Amino acid sequence: MPAPIRYIQDSPHFPPEADVVVIGGGIAGTAAAYELAKKGVSVVLIEKGLIAGEQSSRNWGWCRQQNRDERELPLIIYALQRWGELGAETGEDLGFRRSGLVYATQSEQDLNAWEAWNRMAQGYGVRSEILTADGAKAMTPGSTSRWLGGISSPTDGHAEPSLAAPALALAARRLGAKLFQQCAVRGLDISGGKISGVLTERGPIKTRRVICAGGAWTSMFCRRHGIDLPLGNVIGTAFRTAPLEQHIALPLYTPGFACRPQIDGGYTVSISGRGRLEPGAQSLRYGRQFYPTFRARRHNLTISPGIAPFLRGPESPARWQMDGISPFEKVRILDPRPDMKMVAEGLAALRNEFPQMATVRLEQAWGGMIDSTPDAVPVISGVGKLPGLIISAGYSGHGFGIGPGAGRLAADLATDDSPIVDPAPFRYERFFDGSGRAVPGMM
């Protein structure tokens, strides 16, 4: 597990019914529950493990517009607005700081891509600044590299993954939402082709609307009901350092590492774009749809084949009965091993780039399973073949920052309200009707 997450107490009484049931206590699920409770909707939030126990506490904590796929820009713009409001609105500390962030590079190809992105983003009112070599150096004081340039986004920021989703869950509960952890939803109750409830290990809950925000488990859950959801699971590695004098004051991307200052004086560190594949039945099932993305990013991926993913976890071909133990109860919290070679590489890159941090000490490393779509844009959408189901998944490694916006959009869809942004880019059906792209845009 990463740094200890804030524990939230469950509600006292398990309800027989609700207007909406939210499955999954990560940032997307807790934000949806909070926004639903604000609307006055009766909502139950169900988590098989602990709030923020999986990827929502294991990510970098970046809250960025910078270098987003164009399809995500309206939603992240709204999400950043919500990040700025939620602390005062909920009375909770989500750890959000509008610090800005900076990318620095020695690659002309990077600079060309960032300049093209900046021209596009200006049409959305996004404020970024292309940095000269001197500008990149000024924003990375003490760095040893001779940067060619960079890009800075002063209105972006970061938050604390160990605090954010628990804070939203607590705020939702104060507004009347019911919360239950260590309680798996085994499946959906379907009557007349529509959702009529959920079946949990603690008993049924009647409802006509369900938001499934189950992260890496979402495709397995949907498949149980005949819904094909192409998700690929990539294992990322990150680590945190012990507290020290913070020479890097804002989130920083370099070719060798990316980092974020933590409130306690340490850093969260990782290597951008790197990940590990442990393929199982799900990877094989959707391999053809992911091949263009895999081919484009193969150099950043380590493939670690084995039998374990076929036997246990979200990659397995598990089958289960609604009155029996489900795969979600067998693995309450996904805790994949970190890649310690990558940790050593990132730590060395940090020390080499900033010699004044030569004494920085590793405190902890962890792995996290990232649910990705073939085009790296999430699904936040109803499903035509099963009215009442809203999928909120496939955030592809950049869902934490967009979480408050994703939660609001899912809540709007669940209540048939006017959506906060155009939901068309996040349609489930894009994978099957030819309207989607084969490969991702900017990440």
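Two strands are taken to pair if DSSP finds at least two bridges between them; helices (H or I, at least four residues) and strands (E, at least two) are DSSP runs, numbered from the N terminus. The structure is a predicted model, in which local features need pLDDT of at least 70 and side-chain atom pairs count only at pLDDT 80 or more, whereas totals for chains, interfaces and linings use all residues. Residues are numbered from 1 along each chain as its sequence is written, and side-chain values use heavy atoms, with hydrogens and water left out.

Strand 4 and strand 6 pair in the antiparallel sense over five bridges, with Val 102 opposite Ser 152 of strand 6. Strand 5 is also antiparallel to strand 6, over three bridges, and Glu 129 has Ser 152 as its bridge partner. Five of the five residues of strand 6 are buried, so this strand is largely enclosed by the rest of the structure; buried means under 20% relative accessible area and exposed over 50%, with partly exposed in between (1.4 Å probe, protein chains only). Gly 149, Ile 151 and Ser 153 point one way from strand 6, and Gly 150 and Ser 152 the other way.

Helix 3 comprises residues 108-122. Its buried residues are Leu 111, Trp 114, Trp 117, Asn 118 and Ala 121. They cover an arc of only 130° around the axis, which puts them on the same side of helix 3; the arc is that of the directions from the helix axis to the C-beta atoms. On the other side, Glu 108, Gln 109 and Arg 119 are exposed. The buried residues of helix 3 pack against several elements, including strand 4 (101-105), strand 5 (129-131) and strand 6 (149-153), contact meaning heavy atoms within 4.5 Å.

How values were computed: The expected span of a helix is 1.5 Å times one less than its number of residues.
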